[in-house]
Amino acid sequence: MKKNKAPTMRRGRNDAYNDTNVKAQRQRLLAALLRAGSAGINTIQARHNLNILAPAPRIYELRHHYGHNIQTIWTTETTPEGHPHRVARYVLLNGKYKEAI
């Protein structure tokens with residue numbers, strides 16, 4: 001009798017998207033901020049497009065641990081399900097992050 005083996009996991013192009021460790025999330029978020037330019041990335045986009053369910057802690061880390069100058073702009077956006085929500089839009093600026101004194 002032949003034993004069936006479990007299917008081999010093939011690494012595909014969605015591996016980076018599916019990686020939920022904090023380092024991978026920070027990398028995806030920073031790359032998206034660089035691509036977005038002045039349009040920025042909002043919380044809804046981070047959740048749905050980048051697979052980052054809690055983008056605020058990743059933004060905090062990018063600011064406070066890595067020195068990225070990221071501005072938060074509060075806006076009202078509509079979710080893909082059609083519901084309006086007040087969400088943060090994050091924009092990467094030039095220079096290093098400095099805390100307000």
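A polar contact is a pair of N or O atoms within 3.5 Å, where, within protein, one atom must be able to donate a hydrogen and the other to accept it. I write this down before opening the structure, which is a predicted model.

**Entry: Arg58**

I looked up Arg58 and found its place in helix α4. Applying the definition above, I noted a polar contact of 2.9 Å that joins the side chains of Arg58 and Glu61.

**Entry: helix α2 against helix α4**

I then turned to the helices themselves, α2 at residues 22-36 and α4 at residues 55-64, and noted that their axes come within 10 Å and cross at roughly 80°. That makes α2 roughly perpendicular to α4. Which residues meet where α2 and α4 are in contact? From α2 I listed Val22, Gln25, Arg26, Leu29, Leu30 and Leu33, and from α4 I listed Pro55, Arg58, Ile59, Glu61 and Leu62. Sorted by kind, the residues of this contact are seven nonpolar, one polar and three charged.

**Entry: what covers α4**

Going along α4 for its buried residues, I recorded Pro55, Arg58, Ile59, Glu61, Leu62 and Arg63. What covers these buried residues of α4? The cover includes helix α2, helix α3 (43-50), strand β2 (68-78) and strand β3 (84-96).

**Entry: the sheet**

I traced the sheet next, and found three strands that form an open sheet in the order β1-β3-β2, with antiparallel pairing. The strands β1 (41-42) and β2 stand at the edges, each with a single partner strand, so one side of each is left without a neighbour in the sheet. Looking at the pairing of β1 with β3, I found two bridges in the antiparallel sense, and I noted that the bridge partner of Ile41 is Tyr90 in β3.

**Entry: helices on the sheet**

Last, I looked at how the two helices lie relative to the strands. Helix α2 lies across β1, β2 and β3, and runs at about 80° to β3. Helix α4 also packs on the sheet, where it touches β2 and β3, and its direction makes about 160° with that of β2.

Definitions and conventions:
Residues are numbered from 1 along each chain as its sequence is written. This is a predicted model: local features need pLDDT of at least 70, side-chain atom pairs count only at pLDDT 80 or more; totals for chains, interfaces and linings use all residues. Side-chain values use heavy atoms; hydrogens and water are left out. Axes are lines fitted to C-alpha atoms, for helices over the stretch in contact, and angles run from 0 to 180 degrees between N-to-C directions. Helices (H or I, at least four residues) and strands (E, at least two) are DSSP runs, numbered from the N terminus. Angles under 35 degrees count as roughly parallel, over 145 as roughly antiparallel, 65 to 115 as roughly perpendicular and the rest as oblique. Contact means heavy atoms within 4.5 Å. Ala, Val, Leu, Ile, Met, Phe, Trp, Tyr, Cys and Pro count as nonpolar, Asp, Glu, Lys and Arg as charged, and the others, Gly among them, as polar. Buried means under 20% relative accessible area, exposed over 50%, partly exposed in between (1.4 Å probe, protein chains only). Two strands pair if DSSP finds at least two bridges between them.
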